[in-house]
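Here is a short briefing on one structure.

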Amino acid sequence: MGQRGGRHAHAPDNRTLRTVLSLLPALLIIGGAIYEYSTPSGFAGSPLFSAAPLVAAPFFSLGSTILAGVGSIGAIVAVHLRFTRDFDSDIVTEMATVATVCLLACFINRIVRHGNEQLASARHIAEAAQFAVLPEPPGRIGGFQVAARYEAAQAGAFIGGDLYAAQDTPHGVRVVVGDVRGKGMGAVAAVAVIIGAFREAAEQESTLEAVARRLERALAREGTRRRGLDDFEGFTTAVLAEFPYGSDRVRVLNRGHPEPLLLHGDGTLRVLGPDEAALPLGMSELGSWPDRAVESVFPAAATLLLYTDGLSEARDAGGAFYDPADRLAGRVFPGPEELLAALAAEVRAHTGGGATDDMALLAVRRP
């Protein structure tokens, strides 16, 4: 997969914040020293001196936290030596107060570091789970260029209910992109079921229609094992595509999913809609429509883009949707990776970094 998980932070803002944080303990010490130096006896800058190690504790190392405390005490000594060589009880009390706060800051630093280590461990586990459930497809499968990308709406999040897979089979290259209703571990479990069923069915079934039926049955079996409201209301929108070997055709089967886009090498664009609407996977109890794959010409230099509604339903501040067909018409990209990178960047710009839904993208290009 080209890029994974998480929102992309604004680098200039982060650099500014890091710079301010790195300077803040020193600025507090300097401010405390200036305050004590310029005010009459009895006015102490201990609040500013005490704040320096407390600010350093959650953001810097233990050594830096101790250094902030030592710097604060050193500033107190330096200021008072400027006026007198005698240290009265007020000065000693001020130094003891700052030293006590510094010890507390060191304790806070240890707690924060331990929590960060646990969080990092959890993130590594989540990332490993993501790669296991949604492995990165090879850049080239059966002579086609392939790229995939998962963009999580929530900062720091990994996989949710969006899915994709691409596989080389005896029947050609087959791909699937889908969106499981719901969030949380239930949606992730459904993603794993669909991906597993797809990989087996894509290899064994001779038609896309048969693959879709296998996915339907796999979800039905999963539904009998799941408890709660999702047992009765869970469903998955999905679109499957097949690129037969030795052919300039592509077959697309849509089960209630956003329609794929076919981008030709000259910039022209076609929306590959189904001839007849079909219900999403997992809703067979409401009725059945025969699955029918739609076949289209897939010439050299053409790219098929499949995506979830995190792309087409991304809104700007005024509530306007991002329209991928309108945005991509007339444009040419060097390859599928560049196409997906451009889409991800445009959606971030369109939403102002405030997307509310995950987004899965998969592009297949005939060289």
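Patches are made of residues with over 30% relative accessible area and no salt bridge; like charges are joined within 9 Å, nonpolar side chains (Val, Leu, Ile, Met, Phe, Trp, Tyr) within 5 Å. A salt bridge puts a side-chain nitrogen of Lys or Arg within 4 Å of a carboxyl oxygen of Asp or Glu. The model is predicted: local features need pLDDT of at least 70, side-chain atom pairs count only at pLDDT 80 or more, and totals for chains, interfaces and linings use all residues. Numbering starts from 1 along each chain as its sequence is written, and side-chain values use heavy atoms, leaving out hydrogens and water.

**Surface patch**
- Leu23, Leu27, Ile30 and Ile34 make up a nonpolar surface patch. Together they have about 390 Å² of accessible area (Shrake-Rupley method, 1.4 Å probe; for residues, only the protein chains shown count as cover).
- Leu27 lies in helix H1 (residues 11-38). Helices (H or I, at least four residues) and strands (E, at least two) are DSSP runs, numbered from the N terminus.
- Leu27 is exposed, at 52% relative accessible area (exposed is over 50%, buried under 20%, partly exposed in between; 1.4 Å probe, protein chains only).

**Sheet**
- Five strands form an open sheet, ordered E3-E4-E5-E6-E9, with antiparallel pairing (a pair needs at least two DSSP bridges).
- Strands E3 (162-169) and E9 (294-297) are the edges, each pairing on one side only.
- Strand E6 (residues 249-255) runs antiparallel to E9, joined by four bridges. Arg249 has Val297 in E9 as its bridge partner.

**Loop residue**
- Leu281 sits in the loop between strand E8 (269-271) and E9.
- Leu281 is buried, with 0% relative accessible area.
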